[in-house]
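Subject: Two-chain model, handover and findings

Hello,

Here is the structure I promised to pass on. My notes on it follow below.

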Amino acid sequence: MLAKASDRLPEPDLADAAWAAGVETKRRRRRSVLIGLIAAVLIAVIAAIGVSLSGDDNSQFIPPITPPSNTNYLAPDGQINGIDFWVAPPSGSERFLDRLETPLGDRLQQPDNVEPLADRPLDRIAAVVLDDRGDRYVPLLLGSDSSWARADVELLPIRTGTPLSSGAVSPDGRIAAFPQPGELVTVDVATAEVFRIKMPVQDIRSVSWLPDAQRVLVSGPGVAYRVLVGESSSGDEPLVAIAGAADPSAVTAPFRLDKGAVLRYMAGGQWTVDSALQLQLPVRAWVGQTFSVDSTAARLFIADNLPEVRTNSSQPQVVAAISTLRAEPSRLLILGEPTVMSSTPMDRPYVREPGCCAVLGWYDHNTPLFQVRGWVLAWDLNSGRVRRVTELAVAGLAIGPGIHP
Amino acid sequence: MHETVDPDFASYVDARQGRWLRTAYLVYGDPERAEDALLHAFTRLALRWTRVDDPDVFVQRLLYQPALNRWSRVKAFPDEDDPVKLALAELTPAQRTVFVLLHLEELTEFEVADMLNMSHQTVHGHGMSAFSRFRTALGGGDWRDSPRDSARDRARDIGGGDQR
């Protein structure tokens with residue numbers, strides 16, 4: 001009966017339809033999974049953006065005062081008229097400081113046998129010292145590869161003694177200039193050529209290069225000249241008289257720390273006070289030349305008695321790294337006195353007497369180099385740390401850009 | 001899963017679709033619902049073809065379990081005047097499903113219980129009450145009053161045994 005009741009149904013053909021529906025279902029499932037994944041990723045991204053934009057927690061984040069990336073950072077010891085200062089390691093402790101590797105080596109002394117510059121031309125000058133031969137001096141030039149060469153010229157002493165100015169080396173490290181009585185002597189280390197340029201006055205004491213490495217400022221007491229050494233592209237006169245200064249070493253370019261202000265060298269041979277940079281520093285006297293890199297100028301001064309740093313046996317001297325930009329801070333490094341002091345005279349050799357020290361140049365954009373008694377030191381402006389560069393066993397020294405490899 | 005139909009799947013469906021469609025027709029009381037249910041069951045089988053241990057049980061569970069929905073208000077065999085179909089329409093969906101599987105598919109009560117996810121006692125109860133109501137609807141008396149051999153013959157007549 002049941003079979004008879006259902007036997008009039010047509011014969012179906014469901015195989016193809018079922019298979020096709022299965023394929024479509026499978027395709028739809030894959031699509032759903034894919035859309036679900038994309039939606040999940042989108043939700044996660046939107047949630048992450050929302051969290052980052054909410055900002056409630058970020059606004060309460062106080063950045064640490066000490067940059068976390070610079071683990072060597074030393075906090076400044078205080079402020080003088082709003083400028084951070086650090087106190088340098090005491091004299092006698094230089095040997096125990098971390099060392100800054102340079103072509104000068106661990107101890108800079110006069111080499112024994114030096115080849116003539118004509119036989120061994122140099123690429124860039126790292127340092128210049130003078131070989132004292134009684135009444136004559138011979139320049140010895142140290143290249144960036146730590147090799148020595150002797151210039152084929154004999155120099156006479158000047159009024160102040162050795163004819164070596166700390167600004168002797170040109171900014172490109174190729175030429176060294178020496179003040180001589182009544183003339184300027186230049187040595188090209190690539191070609192070993194020596195030029196002698198006559199000066200209008202006899203008493204020449206200081207040289208300082210302009211940044212273009214073509215012109216050099218030559219100065220004596222109260223007089224100064226701009227001398228064209230290289231090729232002139234703008235028809236400059238070979239020798240132009242400019243404004244002089246009582247202290248010949250003060251005549252520097254492009255900046256000059258002098259008279260309680262930063263002075264900027266102008267193309268006409270004048271210096272103008274950078275009005276925004278009036279310095280309120282306790283300067284008794286500036287010492288040595290000003291050396292500039294980018295927007296920062298460095299020079300050493302002998303200070304009046306500093307209430308911030310008490311000294312008993314020495315006059316405090318300060319390396320000033322003054323920024324010409326408002327956004328960049330200026331910094332001071334005070335050369336104090338030995339930590340252990342006694343009244344016995346044996347301590348006197350360790351005291352940094354006025355005149356012992358001066359800025360020599362820059363190792364890189366953040367590291368001025370300066371000379372103290374028997375040592376050349378480097379001061380890292382970013383971290384505040386002082387490192388030793390070399391022990392000095394020579395009388396005078398001028399630094400060139402070849403010191404930085 | 002290939003785009004073209006698997007030959008084994010096609011031969012499997014061809015061999016069973018006619019019989020299962022007739023059974024589903026009597027279970028659902030509607031040829032369109034029966035065909036839809038069978039197509040759905042075969043589609044699910046196509047998705048898992050070669051991974052199903054017993055395809056017959058797999059398809060039949062999918063085919064008959066939806067008919068047990070007690071909330072379905074769809075009337076079976078509307079606009080029919082065949083007394084057999086009208087008698088089937090008198091049964092509940094569960095009674096009709098058990099009754100058709102027992103007497104048309106000739107499954108045992110245990111097989112039906114496994115297929116419909118019911119206990120054996122439930123299947124037995126549905127089978128007995130459906131048999132009684134079916135007989136009554138066709139004008140027969142209580143089968144328990146009939147001699148034993150006569151009752152067995154009537155049961156064979158319900159399934160239409162010699163016709164298959």
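Start with helix α5 of chain B. B:A94, B:Q95, B:R96, B:T97, B:V98, B:F99, B:V100, B:L101, B:L102 and B:H103 are buried there. A residue is buried if 20 or more other C-beta atoms lie within 10 Å of its own, exposed if 12 or fewer, and partly exposed in between, with C-beta atoms placed from the backbone. That puts 10 of the 11 residues of α5(B) in the buried class, and the helix is mostly covered.

Conventions first. This is a predicted model, where local features need pLDDT of at least 70, side-chain atom pairs count only at pLDDT 80 or more, and totals for chains, interfaces and linings use all residues. Residues are numbered from 1 along each chain as its sequence is written, with chains lettered from A and ligands numbered from 1 in the order in which they are written. Helices (H or I, at least four residues) and strands (E, at least two) are DSSP runs, numbered from the N terminus.

Chain B

Chain B has eight helices and zero strands. Buried residues account for 33% of its 164 residues. Two residues are in contact if their C-beta atoms, placed from the backbone, lie within 7 Å. Take the contacts in chain B between residues at least 6 apart in sequence: 57% join residues at least 24 apart.

What does α5(B) cross at roughly 90°? The partner is α7(B), residues 120–137, and the axes of the two helices come within 8 Å. Axes are lines fitted to C-alpha atoms, for helices over the stretch in contact, and angles run from 0 to 180 degrees between N-to-C directions. From α5(B), the contact uses B:A94, B:Q95, B:R96, B:V98, B:F99 and B:L102. From α7(B), it uses B:V123, B:H126, B:G127, B:S129, B:A130, B:F131 and B:F134. By class, that is eight nonpolar, four polar and one charged residues. Ala, Val, Leu, Ile, Met, Phe, Trp, Tyr, Cys and Pro count as nonpolar, Asp, Glu, Lys and Arg as charged, and the others, Gly among them, as polar.

An unreviewed UniProt entry lists "domain: RNA polymerase sigma factor 70 region 4 type" for residues 85–124 of chain B. Over that range the chain is 72% helix and 0% strand. The end C-alpha atoms are 22 Å apart.

Between the chains

The contact takes 33 residues from chain B and 21 residues from chain A. On the chain B side, α1 (7–28), α2 (31–47), α4 (83–89), α5 and α8 (148–159) each supply at least two residues. α1(B) gives the most, with 10 residues. The chain B side has 18 nonpolar, seven polar and eight charged residues.

Chain A

Four strands form an open sheet in the order β10-β11-β12-β13, with antiparallel pairing. Two strands pair if DSSP finds at least two bridges between them. The edge strands are β10 (206–209) and β13 (239–242). The twist averages 25° from one strand to the next. Six bridges join β11(A) (215–220) to β12(A) (223–228). A:G220 has A:V223 as its bridge partner.

A:V87 lies in strand β2 (83–87) of chain A. A:V87 is partly exposed, with 18 other C-beta atoms within 10 Å. It touches A:D77, A:V309, A:I334 and A:G336, not counting residues up to four places away in sequence.

Best wishes

Technical notes. UniProt positions renumbered as here; feature names shortened; annotations may be inferred.
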